[in-house]
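Work through these exercises with the model open. Each one has a stepwise solution.

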Amino acid sequence: MDYLPFHRPSIGEAEVEAVVRVLRSGWLTTGPEAKALEEEFAAYIGTPHALALNSCTAALHLALAVINLRPGDEVLVPTTTFAASAEVVCYFGATPVLCDVLPTLNLDPAEIDRRVTPRTRAVIAVHMAGQPADLDSIRAAAARHNLVVIEDAAHSLPARYHGRMIGSDSALACFSFYATKNLTTGEGGMLTTTNPAWAERARSLALHGISKNAWNRYTESGHWYYEILEPGYKYNLTDLQAALGRVQLRRQEELWAARRRLVALYRELLADVPGIRWPEQLAGAESAWHLCVVLIGPETGRDRDAVIAALHRAGIGTSVHFIPLHLHPYYRQRFQYAPGALPVAESLYRASLSLPLYPSLAAADLERICGVIRDTVAAPV
Ligand SMILES: *Cc1c(COP(=O)(O)O)cnc(C)c1O
């Protein structure tokens, strides 16, 4: 049988044509397409400021830069996340303080009161797998301790929280347009903010710390003169990528609906399979369904690794999101984390299995996947 990959990007003819149009235009890097993507993204999310960048990691870095993170500061980060969410804190000589999560896979807001110190400046709320974190509780706790909430929204386009798009009222939200994400430009990202001063500073930092609108210095209306305001970075998104992103942006509701239908089918097909659980869903939150994480727990006597191996033998790609950061060598050695330090995250990790979830999957593909899972968990361990 054909190999069924873990992910396949949803790229159509419109995306191909958009990139070719830019190739023929004579303007390849940051320009009118990037500006249009920023405006369209900001309008879609419902936020005043959006800055197109070459990754979500860059967006997270700039978010910490605009709040003036200093060496020795601390930032609270859930341990169940990708490397990027915490490494950006290390860029500043600051300390990522890893926190446990809830059975939703998202940051446990009670961890904020527990782990805050006089050096804590911010909390990074990751919307894991696309499901919004408990922002009401996180924001309330952050306000008590005067912390900035930075949202790692890499998974959560176009998730809703109390009916509003994630990012619409976020102080700082960081989106990813990486190849596997819900909106892809191959590599890319977006920083959104409700704070105009932060938006202006981030825009300058993203392009060498140069005074604003330097990108158009080569156009007819541009001017040769610019000023370096501080040492910045090279984080701009090209027009080749932005043109692709604009087409993907227009398709977000359609792609989201397709993923939701697939998740409903997975739930149906797995409903009577013993030992399969789902991460808890937060009331008032509508997941973007970036990932389809199911839990096959040792506590139910089922072997997650055996299911992964069986799916692999059957030619089906899967993944695990994520190995908790505190179990990785760098964090273990630098901060002396022992296994068991963040127990909820660890038990979720041992049970987590991410199944293929992308619009080109057919019902027959899901039947094939779920058939292998059913056969494997039926066998006693
Ligand atoms: C993908 C991802 C990122 C990083 O995104 P890039 O665009 O690749 O920099 C950050 N956080 C999470 C949770 C991610 O999954």
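**Exercise 1.** Is the crossing of helix 3 and helix 7 left-handed or right-handed? Describe the packing as well.

Solution. Keep in mind that this is a predicted model.
- Step 1: locate the pair. Helix 3 covers residues 56-66 and helix 7 covers residues 196-205.
- Step 2: take the geometry. The two helices pack at an angle of about 125°, and their axes are 10 Å apart.
- Step 3: classify the angle. Angles of 65 to 115 degrees count as roughly perpendicular and those over 145 as roughly antiparallel. Helix 3 is therefore oblique to helix 7.
- Step 4: assign the hand. The crossing of helix 3 and helix 7 is right-handed.
- Step 5: list the contact. Helix 3 contributes Leu 62, Ala 65 and Val 66; helix 7 contributes Trp 198, Arg 201, Ala 202 and Leu 205. By class, this contact has six nonpolar, no polar and one charged residues.

**Exercise 2.** At what angle do helix 10 and helix 13 pack, and which residues meet?

Solution. 
- Step 1: helix 10 (residues 304-313) and helix 13 (residues 363-378) pack at about 135°, with axes 9 Å apart.
- Step 2: the pair is therefore oblique.
- Step 3: helix 10 passes helix 13 in a right-handed crossing.
- Step 4: from helix 10, Ala 306, Val 307, Ala 310 and Leu 311 take part; they meet Ile 369, Val 372, Ile 373, Thr 376 and Val 377 of helix 13. Sorted by class, the contact holds eight nonpolar, one polar and no charged residues.

**Exercise 3.** Which peptide bond has omega of about -10°? Review the backbone exceptions.

Solution. 
- Step 1: recall the background. Most peptide bonds are trans, and most residues other than glycine have a negative phi.
- Step 2: the bond joining His 321 and Phe 322 is cis, with omega about -10°. Phe 322 sits in the loop between helix 10 and helix 11 (329-335).
- Step 3: the bond from Leu 157 to Pro 158 is cis, with omega near 0°. Pro 158 belongs to the loop between strand 5 (148-152) and strand 6 (160-161).
- Step 4: Ala 129 has a positive phi of about 65°. Its place is the loop between strand 4 (120-126) and helix 6 (135-144).

Methods. Residues are numbered from 1 along each chain as its sequence is written. This is a predicted model: local features need pLDDT of at least 70, side-chain atom pairs count only at pLDDT 80 or more; totals for chains, interfaces and linings use all residues. Side-chain values use heavy atoms; hydrogens and water are left out. Axes are lines fitted to C-alpha atoms, for helices over the stretch in contact, and angles run from 0 to 180 degrees between N-to-C directions. Helices (H or I, at least four residues) and strands (E, at least two) are DSSP runs, numbered from the N terminus. Angles under 35 degrees count as roughly parallel, over 145 as roughly antiparallel, 65 to 115 as roughly perpendicular and the rest as oblique. A crossing is left-handed if the near helix is turned anticlockwise from the far one by less than a right angle, and right-handed if clockwise. Contact means heavy atoms within 4.5 Å. Ala, Val, Leu, Ile, Met, Phe, Trp, Tyr, Cys and Pro count as nonpolar, Asp, Glu, Lys and Arg as charged, and the others, Gly among them, as polar.
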